[in-house]
Amino acid sequence: MSGKENLLEVADLVVSFPLGTTAFSGGARRFVTAVDGVSLAIPKGDTLGLVGESGCGKSSTARAIAQLITPSSGSVRLKGQELTTMGKVELVVARKDMQLVFQDPHSSLNPRMNCGGIIAEPLRIYSRKGIIPLSRKEIDERVGQLMDRVGLARAFRGRYPHEFSGGQRQRIGIARALALNPELILCDEPVSALDVSIQAQILNLFRDLQDELGLSYLFIAHDLAVIEYISTRVAVMYLGRIVETSPSADLYLHPLHPYTQALLSAVPIPDPAIERARQHVRVEGDVPTHARSNQGCPFHDRCPKRMDRCRTDHPQLEETRPEHSVACFLYANKNSSG
């Protein structure tokens, strides 16, 4: 590993949602497991990219880490402190070091508040609680500094969200997330709703802020090019489980799990000759639901390389290359170095 101290450590995180009861369940309450035993760590100053198809549990993972939804079980430790057992007051203090940037900047900003008010809101809340005592003048100056940092003119502080472009609205969301000087930012698909040219600007802003402030990111996306550009390490998620983790460069050069191979195979290469010549990994069927049986490998019914044991046994995440782990029976008890 990198040798850096971990800022965030998540172990065996499970998130289940109730489905209600049916006549066939005998009155027993049924649950769907959206996050199934996820473990991950983010060292200080690093970016972990979490990638997977829509509906695989990425956003539920981020919200459970932030304690916006209550995990069914598992551990979430931020700076060595266990968040899942904290009371409300302790959690408010701890959340100062962990903020979120959401996918849709239009729906995540209050349309009745102007730009300055949105950025100032966390400062005012924490000031009222006595956690970060600031005067009104100090808050106003802090808002101006944050607008400068994310590339928004201070003259815009009186404008409302509908008066900004999508990229500008996301800059407001980023400024709001930075207001309390967090060490970790959970980025839930923060560029997927933006045009490609604007995506590049926002990604560069995230990287510049990381260099300047020493931030750590959990960066969620389904776009593999975005994840490759922004991430130090990558975790691949399928149907609530992590199926592969690796340093970013190694994952893209040596994908091991058949699902990862299929994801990378689906990304077109902008060279017609290479694109025609390369082999594509094709998967069968549609993405199953989280409500299906928890037995076997989650990918077994779509995997082109499945074996009999994949239907019944659950592969564990094991290191098969240096710092590169995969949950797949193709690599069980093997130590591949090349």
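Over the ring of which residue does the charged end of arginine 309 sit?

## Charges over rings

The charged end of arginine 309 is found over the ring of phenylalanine 329, 3.8 Å from its centre. Here, a charge sits over a ring if NZ of Lys or CZ of Arg is within 6 Å of the ring centre and within 35 degrees of the ring normal. Arginine 207 also lies over a ring face, that of tyrosine 229, at 4.4 Å from the ring centre.

## About the model

This is a predicted model, where local features need pLDDT of at least 70 and side-chain atom pairs count only at pLDDT 80 or more, while totals for chains, interfaces and linings use all residues. Residues are numbered from 1 along each chain as its sequence is written, and side-chain values use heavy atoms, with hydrogens and water left out.

## Aromatic pairs

Searching the whole structure turns up six aromatic pairs. Rings of Phe, Tyr and Trp (its six-membered ring) pair if their centres lie within 6.5 Å; planes under 30 degrees apart count as stacked, over 60 as edge-to-face and the rest as tilted. The ring centres of phenylalanine 206 and tyrosine 217 are 5.4 Å apart and the planes are at 85°, so this pair is edge-to-face.

Phenylalanine 206 and tyrosine 217 are both buried (under 20% relative accessible area, with exposed over 50% and partly exposed in between; 1.4 Å probe, protein chains only). Ring pairs join Phe206, Tyr217 and Phe219 in a cluster.

## Around alanine 41

With 30% relative accessibility, alanine 41 counts as partly exposed. Beyond its neighbours within four places in sequence, alanine 41 is in contact with Asn6, Leu8, Glu9 and Leu48, contact meaning heavy atoms within 4.5 Å.
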